[in-house]
Amino acid sequence: MFYHVDLYRTETEKDIESLGLQEIVNDSRNIIAIEWAERLKTLLPKNRIEIEFINEKENVRKIAFRSSNQ
(Lines give C-alpha, C1' and ligand atoms only; values in the text may rest on other atoms or scores of the structure.)
Protein backbone atom coordinates (compact mmCIF):
# COMPACT_ATOMS: atom_id res chain seq x y z
CA MET A 1 0.00 0.00 0.00
CA PHE A 2 1.02 3.61 -0.54
CA TYR A 3 0.34 6.18 2.18
CA HIS A 4 0.76 9.94 2.19
CA VAL A 5 1.03 11.49 5.65
CA ASP A 6 1.24 15.22 6.38
CA LEU A 7 2.26 15.91 9.98
CA TYR A 8 2.17 19.69 9.70
CA ARG A 9 -0.58 20.14 12.28
CA THR A 10 0.80 17.67 14.82
CA GLU A 11 2.68 19.03 17.81
CA THR A 12 3.77 16.07 19.95
CA GLU A 13 4.67 12.41 19.51
CA LYS A 14 1.48 11.64 21.45
CA ASP A 15 -0.54 13.40 18.71
CA ILE A 16 1.21 11.25 16.13
CA GLU A 17 0.77 8.03 18.10
CA SER A 18 -2.98 8.67 18.22
CA LEU A 19 -3.04 8.57 14.39
CA GLY A 20 -2.06 4.88 14.32
CA LEU A 21 1.02 5.46 12.19
CA GLN A 22 3.16 2.94 14.05
CA GLU A 23 1.22 0.04 12.52
CA ILE A 24 1.62 1.52 9.02
CA VAL A 25 5.34 2.21 9.53
CA ASN A 26 5.99 -1.28 10.93
CA ASP A 27 4.59 -3.03 7.83
CA SER A 28 7.58 -3.40 5.48
CA ARG A 29 5.22 -3.82 2.50
CA ASN A 30 4.02 -0.23 2.83
CA ILE A 31 5.45 2.76 1.00
CA ILE A 32 4.94 5.94 2.99
CA ALA A 33 5.53 9.55 1.92
CA ILE A 34 5.72 11.67 5.08
CA GLU A 35 5.73 15.45 5.07
CA TRP A 36 7.24 17.00 8.22
CA ALA A 37 8.74 13.59 9.07
CA GLU A 38 11.13 15.13 11.60
CA ARG A 39 8.11 15.32 13.92
CA LEU A 40 8.06 11.51 14.09
CA LYS A 41 11.46 11.50 15.83
CA THR A 42 11.95 8.01 17.28
CA LEU A 43 8.99 6.56 15.36
CA LEU A 44 10.77 6.83 11.99
CA PRO A 45 11.86 3.47 10.55
CA LYS A 46 15.59 2.79 10.67
CA ASN A 47 15.74 1.90 6.98
CA ARG A 48 14.36 4.74 4.90
CA ILE A 49 15.01 7.05 2.01
CA GLU A 50 14.83 10.74 2.84
CA ILE A 51 14.00 13.28 0.14
CA GLU A 52 14.56 16.97 0.78
CA PHE A 53 13.36 19.78 -1.45
CA ILE A 54 15.67 22.79 -1.15
CA ASN A 55 14.74 26.25 -2.40
CA GLU A 56 17.86 27.48 -4.19
CA LYS A 57 16.28 30.70 -5.43
CA GLU A 58 13.00 31.81 -6.92
CA ASN A 59 11.65 29.06 -9.20
CA VAL A 60 14.75 26.88 -8.66
CA ARG A 61 14.61 23.79 -6.44
CA LYS A 62 17.23 21.20 -5.58
CA ILE A 63 16.22 17.68 -4.55
CA ALA A 64 18.52 15.72 -2.22
CA PHE A 65 18.16 11.97 -1.61
CA ARG A 66 19.64 10.23 1.43
CA SER A 67 19.47 6.62 2.50
CA SER A 68 19.25 5.99 6.23
CA ASN A 69 20.29 2.49 7.17
CA GLN A 70 20.89 2.85 10.89
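Here is a short chat about the pockets, a few residues and the confidence of this predicted model.

Residues are numbered from 1 along each chain as its sequence is written, and side-chain values use heavy atoms, with hydrogens and water left out. As this is a predicted model, local features need pLDDT of at least 70 and side-chain atom pairs count only at pLDDT 80 or more, while totals for chains, interfaces and linings use all residues.

Biologist: Which element has the lowest mean pLDDT, and which the highest?

Modeller: pLDDT is the predictor's confidence in each residue, from 0 to 100. The chain averages 88, and 99% of the residues score at least 70. Elements are DSSP runs numbered from the N terminus: helices (H or I, at least four residues) and strands (E, at least two). Among those of the chain, the lowest mean is 80 for H1 and the highest is 94 for E1.

Biologist: Which element gives the most to the lining of the largest pocket?

Modeller: On a 1 Å grid over the protein atoms alone, a pocket is an open set of points with protein on both sides within 12 Å along at least five of seven lines, a cavity is a set where a 1.4 Å probe fits but cannot get out, and lining residues have an atom within 4 Å of a point. The largest pocket is lined by 24 residues, with Ile 32, Ala 33, Ile 34, Arg 48 and Ile 49 nearest its centre. Helix H2 (21–26), strand E2 (31–35) and strand E3 (47–57) each give two or more residues to that lining. The top contributor, with seven residues, is E3.

Biologist: Why does Arg 48 count as buried?

Modeller: Arg 48 sits in strand E3, and a polar atom of its side chain lies 2.6 Å from the backbone oxygen of Pro 45. Buried means under 20% relative accessible area, exposed over 50%, and partly exposed in between (1.4 Å probe, protein chains only). Arg 48 is buried because its relative accessible area is 18%.

Biologist: Which backbone oxygen lies 2.6 Å from a polar atom of the side chain of Thr 10?

Modeller: Thr 10 lies in the loop between strand E1 (2–6) and H1, and counts as buried at 11% relative accessibility. Leaving out residues up to four places away in sequence, Thr 10 touches Asp 15, Ile 16, Leu 19 and Arg 39, where contact means heavy atoms within 4.5 Å. The backbone oxygen at 2.6 Å from its side chain belongs to Leu 7.

Biologist: Is Asn 59 buried or exposed?

Modeller: Asn 59 is in the loop between E3 and strand E4 (60–69), and has a positive phi of about 65° although it is not a glycine. Trp 36, in the loop between E2 and E3, has a positive phi near 65° and counts as partly exposed at 36%. With a relative accessible area of 68%, Asn 59 is exposed.

Conventions. A polar contact is a pair of N or O atoms within 3.5 Å; within protein, one must be able to donate a hydrogen and the other to accept it, and residues adjacent in sequence count only if both atoms are side-chain atoms.
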